[in-house]
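Let's take a walk through this one together, helix by helix.

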Amino acid sequence: MSTDRIDGYARALFEIARAEGTLDEVEDELFRFARSFEGSDALRNALTDEQIPADRRQSIVESLLGGKATGTTTQLVSMVVGGVIGERLCLRGRKVSCEGM
């Protein structure tokens, strides 16, 4: 999935969260997920490994967040993880590099 397409979908999901009144909750959940991602080598490796099919990486996200986070948060993270290129993952508008970690 192209970066432009991911950005467009992400903006749309944020607009849905804003309309539903859950934007603050989604932002908090994304922040907490980013902290978990940054703090766990195993999670970071699983979600950025190009040898793992995108649908499997998305399943990991859905099993971690499903029922614990809003559907919007789960969809956003799943979409981004499914579109990972190389060893970079974009969360909360910034790049998190996995190289050298």
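Predicted model: local features only at pLDDT ≥ 70, side-chain atom pairs only at ≥ 80, totals over all residues.

Start with helix 2, where L23, V26, E29, L30, F33, A34 and F37 are buried (under 20% relative accessible area, with exposed meaning over 50% and partly exposed in between, using a 1.4 Å probe and protein chains only). Looking down the axis of helix 2, you'd find these buried residues within an arc of 140 degrees, so they line one face of the helix; the arc is taken from the directions from the helix axis to the C-beta atoms.

Residues are numbered from 1 along each chain as its sequence is written, and side-chain values use heavy atoms, leaving out hydrogens and water. Helices here are DSSP runs (H or I, at least four residues), numbered from the N terminus.

Now, how do the helices sit against each other? Two packed helices are described by the angle between their axes and the distance between the axes. The axes are lines fitted to C-alpha atoms, for helices over the stretch in contact, and the angles run from 0 to 180 degrees between N-to-C directions. Angles under 35 degrees count as roughly parallel, over 145 as roughly antiparallel, 65 to 115 as roughly perpendicular and the rest as oblique.

Take helix 1 (residues 3-20) and helix 2 (residues 23-39): their axes come within 7 Å and cross at roughly 130 degrees, which means helix 1 is oblique to helix 2. Touching here (heavy atoms within 4.5 Å) are F14, A17 and R18 from helix 1, and L23, V26, E27 and L30 from helix 2.

At helix 3 (residues 41-48), the axis comes within 5 Å of that of helix 2, and the two cross at roughly 100 degrees. That makes helix 2 roughly perpendicular to helix 3. F33, S36, F37, E38 and G39 of helix 2 meet D41, L43, R44, L47 and T48 of helix 3.

Finally, helix 1 also pairs with helix 5 (residues 71-82), their axes coming within 10 Å and crossing at roughly 175 degrees, so helix 1 is roughly antiparallel to helix 5. Helix 5 itself is mostly covered, with nine of its 12 residues buried, among them T72, L76 and M79.
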